[in-house]
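Work through the exercises below with the sequence and the 3D view at hand. Try each task before reading its solution.

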Amino acid sequence: MVKNQFIPIALTVVVFGALCSLLYGFILLLNRFTGTDILLQVRWGDVLVGLTIYLKTSVDFALLIGNLMAAYDGVKNRIAIEIGTAVGNALGTLIVLTIWNFFRDVEWLLALMIFIAALVLLRLAQDGFEHVHQWDAKFPSWFKTFSGGLESTLTKINSFVAPVLKYIIPHPTLKPTKGLTFIGLFVASFTIPFILGLDDFAGYVPLFSIVNVFGFAIGVFLGHMVLNMALFISPKKTITAVKNPLISFAGSIVFIGLAVWGFWEVYKILFLH
């Protein structure tokens with residue numbers, strides 16, 4: 001299996017290197033237009049944070065890529081899937097990075113962006129509980145009560161903000177269209193990762209005050225490369241791993257914490273400066 005996937009797997013490394021080079025050049029360009037530069041310094045802790053958080057939010061990516069791989073076999077199709085998903089994810093990341101780079105010098109706009117990001121994190125946290133329910137029978141009653149209470153609270157909050165948030169987190173279908181050409185498959189592979197890349201990276205804005213954005217973005221790109229490699233080698237095992245209920249629960253707790261931190265950052269920006 002691995003031997004048959006050598007070209008797509010090698011391509012993931014090439015695409016990762018190309019996207020990191022694009023990110024470096026893009027940040028150099030952004031730094032020409034703002035007073036505060038984004039540091040072009042790679043700190044491995046920042047890369048690890050980006051990698052870890054990406055893999056936690058990668059369930060939709062894994063399902064999309066797995067479905068496309070099941071519907072479109074062969075090396076040529078795998079190449080279209082790899083390039084399309086990687087470029088879509090990267091472009092969504094770069095757009096959010098651009099918006100943040102210009103907004104951060106205007107306090108009320110930065111506060112608005114962080115507030116929206118915190119709402120996105122609460123929506124992502126709720127999504128994580130979907131996989132916890134799959135193992136309900138294996139968990140003790142206190143854990144089910146605790147997780148159920150958290151999910152119920154998140155559902156109420158997210159229902160209240162849903163009229164606004166629905167324009168930020170759309171829910172496109174993850175089912176692949178049949179009979180696509182190479183170009184059509186590339187476009188299909190690009191679209192959903194682009195949307196998810198926008199949503200997920202926007203949710204990480206509260207982190208940008210403590211992590212170096214350059215290293216964090218590299219970690220996100222690296223996470224996509226690792227996920228694609230694993231999917232090319234063993235799609236079923238990879239999808240099972242990223243849907244692990246304990247990982248989903250832990251990730252949801254982290255997202256709730258980041259959201260609360262984001263709301264605190266908004267309060268400090270607006271009222272304590």
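**Surface and fold**

The protein chain has an accessible surface of about 13,300 Å², and 71% of that surface belongs to carbon and sulfur atoms. Accessible areas come from the Shrake-Rupley method with a 1.4 Å probe, and for residues only the protein chains shown count as cover. This is a predicted model: local features need pLDDT of at least 70, side-chain atom pairs count only at pLDDT 80 or more, and totals for chains, interfaces and linings use all residues. Residues are numbered from 1 along each chain as its sequence is written, and side-chain values use heavy atoms, with hydrogens and water left out.

**Exercise 1.** Find how many helices and strands the protein chain has.

*Solution.* Start with the definition: helices (H or I, at least four residues) and strands (E, at least two) are DSSP runs, numbered from the N terminus. The count is 10 helices and 0 strands. Read in order, the pattern is α-α-α-α-α-α-α-α-α-α. Next, take the contacts, meaning heavy atoms within 4.5 Å. Among contacts with a separation of 6 or more, 85% join residues 24 or more positions apart.

**Exercise 2.** Locate the nonpolar patch and state which helix gives the most to it.

*Solution.* Apply the patch rule: residues need over 30% relative accessible area and no salt bridge, with nonpolar side chains (Val, Leu, Ile, Met, Phe, Trp, Tyr) joined within 5 Å. A salt bridge is a side-chain nitrogen of Lys or Arg within 4 Å of a carboxyl oxygen of Asp or Glu. The members are Val106, Trp108, Leu112, Trp264, Tyr267, Leu270, Phe271 and Leu272, with about 850 Å² of accessible area together. α10 gives the most, with 5 residues.

**Exercise 3.** Is Leu112 buried, partly exposed or exposed?

*Solution.* Leu112 lies in helix α5. Buried means under 20% relative accessible area, exposed over 50%, and partly exposed in between (1.4 Å probe, protein chains only). At 41%, Leu112 is partly exposed.

**Exercise 4.** Count the aromatic pairs and describe the one formed by Phe146 and Phe249.

*Solution.* Rings of Phe, Tyr and Trp (its six-membered ring) pair if their centres lie within 6.5 Å; planes under 30 degrees apart are stacked, over 60 edge-to-face, the rest tilted. This rule gives 5 aromatic pairs. Phe146 and Phe249 are edge-to-face, 6.2 Å centre to centre, with 65° between the planes. The pair links Phe146 in helix α6 (residues 141–165) to Phe249 in helix α10, 103 residues apart. Phe146 is partly exposed at 44%, whereas Phe249 is buried at 12%.

Methods:
Patches are made of residues with over 30% relative accessible area and no salt bridge: like charges are joined within 9 Å, nonpolar side chains (Val, Leu, Ile, Met, Phe, Trp, Tyr) within 5 Å.
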